[in-house]
Amino acid sequence: DQLFQEGVFTIFNEIDEIRRNLNQLMRPNGSQSSPARSCYDLFLCNRALSEGYYWIDPNLGSIDDAVQVYCSKPGCSCLDCSHKASKMRQWAGFEGGAKSFTQLEGGFGLQCPVHSDQLGLLQLLSTHASQRLTYVSKANTESVVVLTNTGLKLPTTDSHIQSTKMADRTEFQVTGEPEWFPIADFVPGSDKFGFELSQACFCNELP
C-alpha cells in the first residue's frame, strides 16, 4: 500500500545518505563540505590532486571547525601562521637580548588562527614539521634564539635549524618535532631588525 511504499522510499533515501557520508569519509575531496583529516590523507586518497589550498578537519567532527590550509606534496598541511614586520626598524625595550620579540615595545603575539584541539591533533598525525623565520638585519645573527611552541629554546646554530645568509637578511629553516610548531617567539640579536614568519607545515611521507 501507499504507506508501505513511503516507508521503503524513506529507508532507501537514508541508506543513500549514509553511503554518501561514508564516501566523503573514505574519499574526501578537500572541499569545505568534504574535508580530509590532513593533507597527507587527502593525497593518499587522491593521488592525482595538485598542490593548493584545501580544507582539513583533524578531529573529524563537525565540519564547522574545518581549517583551510595549503597542501604541499608529499604530504604537508601548511597552516597560515605567517606574521611579518619585514621593514628593518628600531625596537624599544631590547635590553641586550633579555627580552623576546613579543615582550618588546611594539611587539605582538605570533598566534596561529586555528583551534587548539585541531592543532594538537594535526601535531599527533604528523611525523615532523617545519617553519621559516626570515630575520632582516645587517648585525650578527648568531645570538638569535628561536622559541618553540613547547617553550624549547633553539639557538640558530642548533642542528634543527638551517641558515641561509643573504645581503641584509638570514633565513632560518626550522625543522623538528610537530609539537614544536608553530614557532611561538624569538629572541632578536639586536634592537634593529625586521622579520617574516612563514606558514607552519606539518608533514608525513606518502608511501
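The model is predicted, so local features need pLDDT of at least 70 and side-chain atom pairs count only at pLDDT 80 or more, while totals for chains, interfaces and linings use all residues. Residues are numbered from 1 along each chain as its sequence is written, and side-chain values use heavy atoms, leaving out hydrogens and water.

Let's start with the whole picture: a search of the whole structure turns up 12 aromatic pairs. Rings of Phe, Tyr and Trp (its six-membered ring) pair if their centres lie within 6.5 Å; planes under 30 degrees apart count as stacked, over 60 as edge-to-face and the rest as tilted.

Look at Trp-91 and Phe-193: this pair is stacked because the ring centres are 5.3 Å apart and the planes are at 20°. Trp-91 lies in the loop between strand 4 (83-90) and helix 3 (116-125) and Phe-193 in strand 11 (residues 192-197), so the pair ties together parts that are 102 residues apart in sequence. Helices (H or I, at least four residues) and strands (E, at least two) are DSSP runs, numbered from the N terminus. Both Trp-91 and Phe-193 are buried; buried means under 20% relative accessible area, exposed over 50%, partly exposed in between (1.4 Å probe, protein chains only).

Now turn to Phe-101 and Phe-108, an edge-to-face pair because the centres are 5.0 Å apart and the planes at 90°. Phe-101 counts as buried at 0% relative accessibility, whereas Phe-108 counts as partly exposed at 29%. These rings belong to one aromatic cluster, formed by Trp-91, Phe-101, Phe-108, Tyr-135, Phe-186, Phe-193 and Phe-195.
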